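Some labels in a structure description rest on plain cut-offs.

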Amino acid sequence: MVLNVQGFVDEKIEEIRRIVNDEKALIAVSGGVDSTTCAVLTHKAIYENLQCVFIDTGFMRLGEPEKVKSFFEELDLPFKIIDARERFMELLKGLEDAEEKRKVFRQTFYDVLSESAKEEDCKFLVQGTIAPDWIETKGGIKTQHNVLEQIGINPVEKFGFQVIEPIAYLYKDQVREVANFLGIKTDTSQRQPFPGPGLLVRVIGEVTKEKLDIEKKATEIVERNIEGSQYFAAIIDNEEIENENNIEKLTTDFFNVNQVEVKVPKNLVTGVKGDLRAYKKLAALTIRLNSGLFKPTIEKLVQLQVNIISENPDFTRVAYNITEKPRKGKYIILVRSINTRDYMTAKVTEIPWENLEKTAEEIMKKCKEISEVYYDVTPKPPSTVEYE
Amino acid sequence: MIIPVVDVGGQYNHMITRALTELDAESKLIPMSITAKDLEEMKADGLVMGGGPQRIGFEAEKLENVSKVIKEAKIPMLGLCVTHQLMAVVFGGKAEQAKHPEYGPVRVYVDNKDEILNDFNESFLAWETHNDEVTALPENFVVLAHSEKCRIQVMRHETKPIFGVQFHPEAVQTENGALIFKNFIEICKKFMFTRKKL
């Protein structure tokens, strides 16, 4: 039997009403489908006893806080923005490790929420946690910012509120069904997911203002040109390390070409191999012919990637150069697009070369300090959707 | 039709319950501490076991309790990924570190059109993520499918409804993956009516 949406909604409204009773509840919203669905659901249960807050972490996309504000005004839900941009940036300074960044983000996120809950006299926090969030956190793949109880953190003791997660057992496509049922606008209910820590996990390694600003520009360009279930840009330092591997040989043999270049950036990226977290290296591949860039099908590149990752246990991702004219620059942009139903496993989207090249060209033109743009050809597994 | 799923800690275990539920079976995750007696009490018609982070090649003892259930449960069983490897070990075969671990899309070839592979094409794209693999088949088991780099992708007991699958039929990218569950449900139904003693 597929999800009975009407039954689910009725049951959850009643459950929220019973738990919250006459108290007040706070919900942290991002404008995405999970938290918006929870906000609408909870509002139907406890009406004006719900307060929606949007934490501006500084890691949102261009114009996003304003968009979310007008969206919630339209939904007619009690809404306020908390500006925590400097606080997040200050605490994340100097951190390079992906999990360290995610953990500091989570702590700061809940500190801000906890203060807000006290101010508003809310004893409950409603969260839009969904199945992949707690599955990945519990399995030690990566720390999602909204998972506490499932890994033994007691929110009442630590932050002073009880957590309610009405959609914790649903997957994205099921949440979308519920959202449609609740009459949430299709541009929200069908919107691509955006991670809780936002662009922080797409600025690979240490986050700086310069990297973050470039990432925001590149994200806008990719979102305009590329399609998929989820599609975005990430930025990584153009700093190579020496590495012994057989990737060049595998590539040469696979395509029967000879101008192969393999770049291994210093910063690591997150993956998952055999249900174990794999925080490992990225192989950035370039193949040139005398006439210019070699442009095989994405399907072929994914097949090559399978061989590379199978034979090189230190690697978890492969990306392919889509820049006709590289130049000197401090950073590399990675373009990613995947197709999936439930975000637990995902295919690489077969974007036409024409679009890839156009996207790379625009990024090279509008973003400074970029040396090259690559397209990520790694499915999930062995990679995760996001880089950190 | 009640088919619980033993949660061995893998990423996709909960998705298996979703796949079974969508095929109208009653399914939920159950912990690794479950016993054959518990299964009897919950009137389970079949048992599916998911994947997990354990390395069966050298730490099968981490799943000692699940091994016991595999030995004692008298209902149709389907082990996926790590529990497919565990089944091999429990029944006297062997699992070891794979020479060529597989992650992501891999082509699987059907060797034997068994009931668990009903309606599958001769070859299909399956989603994989494994560091170890079954390297020696237990006695009384047969290989039903293989891939280029992994000889035993699907196996079954010659006469009993006990099946092991290395790839992940619960991953929606696996071509016709849900068919494995549909076929398994049919096998459980048949078993329910005939009640052959295992």
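In β14(A), A:Y375 is the bridge partner of A:V335. This is a predicted model, in which local features need pLDDT of at least 70, side-chain atom pairs count only at pLDDT 80 or more, and totals for chains, interfaces and linings use all residues. Residues are numbered from 1 along each chain as its sequence is written, while chains are lettered from A and ligands numbered from 1 in the order in which they are written.

Q: How do you know that β12(A) and β14 (residues 370-376) pair?
A: Two strands pair if DSSP finds at least two bridges between them. β12(A) and β14 of chain A have five bridges, in the parallel sense. So they pair by that definition.

Q: What makes β12(A) and β13 (residues 347-348) a pair?
A: They share two bridges, in the antiparallel sense. The cut-off is at least two, so they pair. A:N339 stands opposite A:K347 in β13(A).

Q: Over how many bridges do β6 (residues 230-237) of chain A and β12(A) pair?
A: Eight, in the antiparallel sense. Here A:A234 stands opposite A:L334 in β12(A).

Q: Where is B:E158?
A: B:E158 is in the loop between β8 (154-157) and β9 (162-165) of chain B.

Notes. Helices (H or I, at least four residues) and strands (E, at least two) are DSSP runs, numbered from the N terminus.
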